[in-house]
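Please open the model in your viewer and keep the selection tool at hand.

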Amino acid sequence: MNTDQVKGTIDDVAGRGQQVKGKAEKAWGTAKDAVREGHEQVKDKAGKAWDNTKDALRDGKEEVKGQAKKAWEIADDATRDGKEEARRRHQMQQMNDGGDLDPVEQGASGSGRAQGSQR
């Protein structure tokens with residue numbers, strides 16, 4: 001083998017090494033891109049999931065506030081109705097006991113009780 005042949009063989013081997021090196025670098029770059037794209041997709045999906053979670057929490061909070069307001073109004077109405085009923089019953093009891101009767105209801109007898117009422 002002459003020197004040109006040896007030099008050609010060395011260059012051929014070196015060229016093949018460069019090819020292998022180039023292919024390895026290309027594969028590494030492709031892998032890095034895939035990881036970067038995967039990371040971006042995960043980040044986007046996580047962001048959307050977080051936004052959906054915040055929206056659901058906000059909607060739930062508003063729903064709870066609305067239900068609590070309705071419950072408060074119902075309780076308030078029931079309390080008001082209960083007070084009114086208690087006042088009405090108290091007045092009825094006073095009337096039955098001969099208390100604060102209207103002079104018209106007391107009748108001509110002036111007995112303090114309405115005519116025809118029984119104790």
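Begin by selecting Arg87, which counts as partly exposed at 40% relative accessibility. In this predicted model, Arg87 forms a salt bridge with Glu84, and their closest N and O atoms are 2.3 Å apart. Glu84 is likewise partly exposed, with a relative accessible area of 41%. Both residues lie in helix α1, 3 residues apart, about one turn of the helix. An α-helix has 3.6 residues a turn, so residues three or four places apart point the same way.

Next, select Asp77 and Arg80. Their salt bridge brings the closest N and O atoms to 2.6 Å.

Proceed to Asp51 and Lys54, which form a salt bridge with the closest N and O atoms 3.9 Å apart. Asp51 has 38% relative accessibility and counts as partly exposed; Lys54, at 37%, also counts as partly exposed. The structure holds 11 salt bridges.

At its start, a side-chain oxygen of Asn2 comes within 2.9 Å of the backbone nitrogen of Asp4. Select Met1, Val6 and Ile10 to see a nonpolar surface patch with about 330 Å² of accessible area together. After α1, select Gly98, whose phi is positive, near 85°.

Finally, view the whole protein chain, which has 2 helices and 0 strands. Buried residues make up 2% of its 119 residues.

Notes. Residues are numbered from 1 along each chain as its sequence is written. This is a predicted model: local features need pLDDT of at least 70, side-chain atom pairs count only at pLDDT 80 or more; totals for chains, interfaces and linings use all residues. Side-chain values use heavy atoms; hydrogens and water are left out. Helices (H or I, at least four residues) and strands (E, at least two) are DSSP runs, numbered from the N terminus. Buried means under 20% relative accessible area, exposed over 50%, partly exposed in between (1.4 Å probe, protein chains only). A polar contact is a pair of N or O atoms within 3.5 Å; within protein, one must be able to donate a hydrogen and the other to accept it, and residues adjacent in sequence count only if both atoms are side-chain atoms. Patches are made of residues with over 30% relative accessible area and no salt bridge: like charges are joined within 9 Å, nonpolar side chains (Val, Leu, Ile, Met, Phe, Trp, Tyr) within 5 Å. Accessible areas come from the Shrake-Rupley method with a 1.4 Å probe; for residues, only the protein chains shown count as cover. A salt bridge is a side-chain nitrogen of Lys or Arg within 4 Å of a carboxyl oxygen of Asp or Glu.
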